[in-house]
Amino acid sequence: MAGALLLLVVAALLSLAIGSRALPLDVVYDALLHDDGSTAASVIWDVRVPRTLAGITAGAALGVAGALIQALTRNPLADPGLLGINAGAATGVVLSITALGVTSLWASVWFAMVGAVVAGLLVYSLASGGRGGATPERLALGGAVIAAVFTGIGQTLMLLDAQALDQLRFWSVGSLARADSETLRTITPFVAVGLVLALVLVRPLNALALGDDGARALGAHVDRTRFVGLLAVTLLCGAATSAVGPLVFVGLAVPHIARLIAGADQRWTLPLSMLLAPALLLFADVLGRIVVRPDELDAGVVTAVVGAPVFIALVRYRRTVTT
C-alpha cells in the first residue's frame with residue numbers, strides 16, 4: 001500500500017510538471033503554494049491541477065469498479081464495460097446532444113450519469129428475474145444484452161446526427177484533456193459514495209468467492225451484496241465514464257496486478273486497485289503528452305496500446321505459475 005501510494009504521488013507530480021511546456025519541480029512547488037498570477041501558476045492551477053485530480057478520481061473509480069465487477073461475476077475477464085454501464089453513459093451523452101442540443105461538458109456529465117444508472121437498473125432487473133436471483137452468469141448475460149441495446153441506440157443516433165458524431169468521437173476515445181474543476185466537482189460525490197459502498201462490501205465479497213451456498217453458510221446476504229455492488233459499480237463507472245470517456249484496460253488489468261501483489265483478499269485488492277489505477281492512468285496521460293509533443297495522444301489510446309501487452313504478460317505469468 002505504501003509503495004502504491006508513493007507511485008501515485010510520483011505520477012501526480014509528473015502530471016503537474018510535464019505537458020506541452022515542461023515546468024521544473026521547484027516551479028511547480030512554488031506555484032502550488034503561491035498562486036501569484038504568473039503564467040506558470042495559471043498553467044498549474046487552471047489546467048494541470050484539475051486534469052490531475054480528474055485522473056486520480058476517475059482512475060480510482062475505474063480500478064475499484066473493475067475489481068468489484070470481477071468479484072461479483074466471478075469472472076477474471078470482466079471489466080467496467082461488461083455490465084453495460086459505459087454504453088448507458090454514452091447513450092445518455094448522445095441523447096443530450098441530439099435531443100436537447102447540449103454542448104457543455106458539465107451538462108453532459110449529468111446525462112451520462114442518468115444513462116449509466118438506467119443501464120445498471122435494467123441489468124439488475126433482467127438478471128434478478130426468475131428463480132435463483134441475480135447470479136453471476138445472469139449479470140454477465142444481462143449486461144451484454146443491455147450493452148448491445150444501448151450501443152445500437154447510440155450509434156444509430158450518431159449516424160443520424162453529424163454534430164453528435166463529431167462531439168462523441170473525441171469523448172469515446174477517453175481523455176483527461178477536457179476535464180475541468182466544474183466537472184470534477186460534479187463527479188466527486190458520486191465517486192465518493194461508490195467507493196464507500198465498495199469498501200463496505202469487502203467481507204461479503206470474500207464470502208461470495210466461495211459460491212452462493214458457501215456465502216450464505218457464512219452469513220452473507222448474497223442478493224443484497226450483489227445489488228449494493230452493482231449500485232457501487234454504476235456510480236463509479238458512470239461518474240468516471242461521463243467525465244473522461246470509456247477508458248479501456250484500466251478496470252480490467254489493475255485488479256489483476258493488485259491480486260498478483262496481495263492475493264485474492266478483497267480487503268487488500270480494492271484499496272490497492274484504488275491507488276494503482278489512478279497511477280496507471282496518470283502515467284498514461286503523461287506519456288501521451290510526451291510521445292507526440294507538442295501535440296497529445298489521448299489517455300485512452302495510450303492505455304489501450306500499453307495495457308494490452310501488459311495484460312497479456314500478466315495472463316502468461318499467472319498461467320506459468322499455475323502450471
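**Figure 1. Burial across the whole predicted model.** A residue is called buried when its relative accessible area is under 20%. In this predicted model, 50% of the 323 residues of the protein count as buried. The protein exposes about 14,500 Å², and carbon and sulfur atoms supply 68% of that area.

**Figure 2. The fold, built from helices.** The protein contains 14 helices and zero strands. Along the principal axes, the C-alpha atoms fill a box of roughly 65 × 50 × 35 Å. For 323 residues, a compact globule would have a radius of gyration near 20 Å, and the value for the protein, 20 Å, agrees with this. Among contacts between residues at least 6 apart in sequence, 75% join residues at least 24 apart.

**Figure 3. Charged side chains in the protein.** Side chains of opposite charge can pair when their charged atoms come close.

**Figure 4. The salt bridge between D285 and R51.** The side chains of these two residues meet with an N to O distance of 2.9 Å. The pair links distant parts of the chain, as D285 belongs to helix α13 (residues 266–291) and R51 to helix α3 (residues 39–73).

**Figure 5. The salt bridge between R289 and D285.** The closest N and O atoms of R289 and D285 are 2.7 Å apart. Both residues lie in helix α13, four residues apart, which is about one turn of the helix. R289 has a relative accessibility of 2% and therefore counts as buried. D285 likewise counts as buried because its relative accessibility is 1%. Salt bridges that share partners join R51, D285, R289 and E296 into one network.

**Figure 6. The salt bridge between R267 and D265.** In this pair, the closest N and O atoms are 2.8 Å apart. R267 has a relative accessible area of 43%, so this residue is partly exposed. The class partly exposed covers values between the limit for buried, under 20%, and the limit for exposed, over 50%. By contrast with R267, which is partly exposed, R289 is buried.

How values were computed:
Residues numbered from 1 in each chain as written. Predicted model: local features only at pLDDT ≥ 70, side-chain atom pairs only at ≥ 80, totals over all residues. Heavy atoms only, no water. Helix = DSSP H or I, 4+ residues; strand = E, 2+ residues; numbered from the N terminus. Rg over C-alpha atoms; globule rule 2.2 N^0.38 Å. Buried < 20%, exposed > 50% of the residue type's maximum accessible area, 1.4 Å probe, protein only. Contact = heavy atoms within 4.5 Å. Areas by Shrake-Rupley, 256 points an atom, 1.4 Å probe, with all protein chains shown as cover. Salt bridge = Lys/Arg side-chain N within 4 Å of Asp/Glu carboxyl O.
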